Amino acid sequence: MLAQAQTVGIGTIIAVLAYLLLVVWLGWLGYSRTKNAADYLVGGRQTHPFIMALSYGATFISTSAIVGFGGVAGLFGMSVLWLTFLNIFVGIFIAFVFLGGPARRIGHRLDAHTFPELLGRRYQSKFIQVFVGIVIFLFMPLYAAAVLIGGSEFISTQFGVDYNAALLIFSVITAAYVIMGGLKGVMYTDALQGSIMFIGMMILLIWAYVKIGGVVAGHQALTDMASLVPGKLREIGHQGWTAMPLFGWGDKKFDLWWTVITTISMGVGIGVLAQPQLVVRFMTVKSKRELNRAVPIGGVFILAMTGVAFTVGALSNAYFNKYGSEFSGRIVKTLNQEKGQAVLQIMKKDDAGKWADIMGKDGKPAMAPITITETTSETAAVDQQTVPIVKGRSISIVYAGGNLSQIIPMYVTTAMPKWFGVIFLLTLLSAAMSTLSSQFHTIGTGIGRDIYEQVRPNHGGTVAITRMAIVVGIIIAVLWSYFFRESPIIIARATAIFFGLCASAFLPAFIGGLFFKRMTKAAAICSIVVGFLATGFWLLLVKAQEAGDIGIVQKITDGKNSILAGYPNWPSVDPIVVALPISIIVAVVVSIVTKAPDKEHIDKCFGEK
Amino acid sequence: MLGLQDKWVVLVYILCAASASLCVIYGFFAWNKGDDSVKPEDVKW
């Protein structure tokens, strides 16, 4: 293992070891400053705003956001920047300015230490606390598995170690400081990791724009490539990397708009408001003043994360089209005569010196959209005709071998200087570990504090139970990482699925609990259960990509991927578009028809007593 | 504008920068406001 690791260079190994030593030291610092369960669960409610803001941001942004969604931007273009806007405006500004204060205040007044406990105590319902804890226990490991798989595959390819060994190393190191240091250990390490991520992404942004000739020139180069959009993407509405997909309803050509706006942008952009591991951050500070001070740090941090990843992902097309290695072959279709853009049948010389077509992995001819750089003097014989061999450069997804998640790493490897590779390695390690540590902590508190302690009131110490529960949570996440590794669609969408599920199931009860004194316990229970069931129904039977991957829908529809397969656009609509409005309506209607909550309890929650 | 093809992409590009700026401006003006820390007597119950 070590012999292989040496191929990555001694400088890289020293940098990674220094980083891990810092992480372990900060984890130990968290452990040494953890004196009671409130320290372990909510960081003692005295966290510095700088640490809180970076911890919130670093937890929010995983490798999935940088590499996964950055790759999506490489394919779909800058339209995914709507997610960045929602991340900043909703995920930071709305969350911190309007939700953070009441969540912190009510959480502190009710002595709540977790998101499920906050909801449970606000509505005086043990059922809510246990049910939300169970949802976290069942579905957060899927989100954690997505981060674990991404991080482990990255470590595996970077250091040449076996995937299973990488998974074990990655899990054990992260688990060690979460189990020992609690939320203090998690937040201290998050702050370090967030700082590394910020530096790495800012260098990436500046370098990417400089490399492509500046902001306007880079955008213009990308705009001029609109003809190179692959045919299959054009069919679903892709109009270029600096344009929105075609908008409308009732035709396949509008599918991409609904995917970009509902699944990618709304699912994650709105779902962030009800993320258990993020809401608990609001309960770690002393007052609203600390939240106010965290807002600018959070806003700039998120812009530097998703804003940079999505912009660079899209711009990578212009880079590869200008500097990528050249493909040779014959033109099968002219796309834009004026700009010299065409579809190329990729060819290579065989042993006899004759040009022959290259076949793709699927056995079909390998074709690529290119900008022609040279028409050579060589020719090939095709169907008894002589055609010229041309050379040209293509788009990101072609250079990434059709794999979305390879676009950003491929760009960093080819476009960035070698020294940046070490910084980017640490950036991705930080992104993965900061998200994973919070997931482990939240799963652990979900199992320990919200389920076990509620069903067994005469329990032992909270911290001991939570530590045991974190171990259980980690084992589940690791098992899911083995189980789902072969389901790329589920893993690629695990982040969006979990965020959307949290929004539909928890958001109406959470917002209602913070702002509406008339919101009743029955309304909260109905809203949570209906939101959960509606999301499950849509994911299992309607949303084509997820439903098709899970497979239940195919058994009841004779092999179709959606029960609405015959109706254009519906199978591309995210569950949040349907489940969240239903959940809100249920919350309002049930609140109206049920008895108002006990006034004494409401006064306790809102501080009028 | 800005070399971008579509007015909606121009809009979102500007909105991203504007929302981050809003966060910075808000933080600047609210830096010392909002000390509503919960007192021990508030959680006596």
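## Cysteines

The sulfur of Cys605(A) lies 19 Å from the closest cysteine sulfur, that of Cys526(A), which is too far for a bond; a disulfide is a pair of cysteine sulfur atoms within 2.5 Å. Cys605(A) counts as buried, at 1% relative accessibility (buried means under 20% relative accessible area, exposed over 50%, partly exposed in between, with a 1.4 Å probe and protein chains only).

In chain B, Cys23(B) is buried at 0% relative accessible area, and its sulfur is 11 Å from the closest cysteine sulfur, in Cys16(B), again too far for a bond. Over all chains, the count is 0 disulfides.

## Basis of the model

This is a predicted model, in which local features need pLDDT of at least 70 and side-chain atom pairs count only at pLDDT 80 or more, while totals for chains, interfaces and linings use all residues. Residues are numbered from 1 along each chain as its sequence is written, chains are lettered from A and ligands numbered from 1 in the order in which they are written, and side-chain values use heavy atoms, without hydrogens and water.

## Second largest pocket

Domain 1 (6–321 + 405–606) and domain 2 (325–404) of chain A both contribute residues to the lining of the second largest pocket, so the pocket lies between them; the domain bounds come from an automatic or database domain assignment. Its lining comprises 17 nonpolar, 5 polar and 6 charged residues (Ala, Val, Leu, Ile, Met, Phe, Trp, Tyr, Cys and Pro count as nonpolar, Asp, Glu, Lys and Arg as charged, and the others, Gly among them, as polar).
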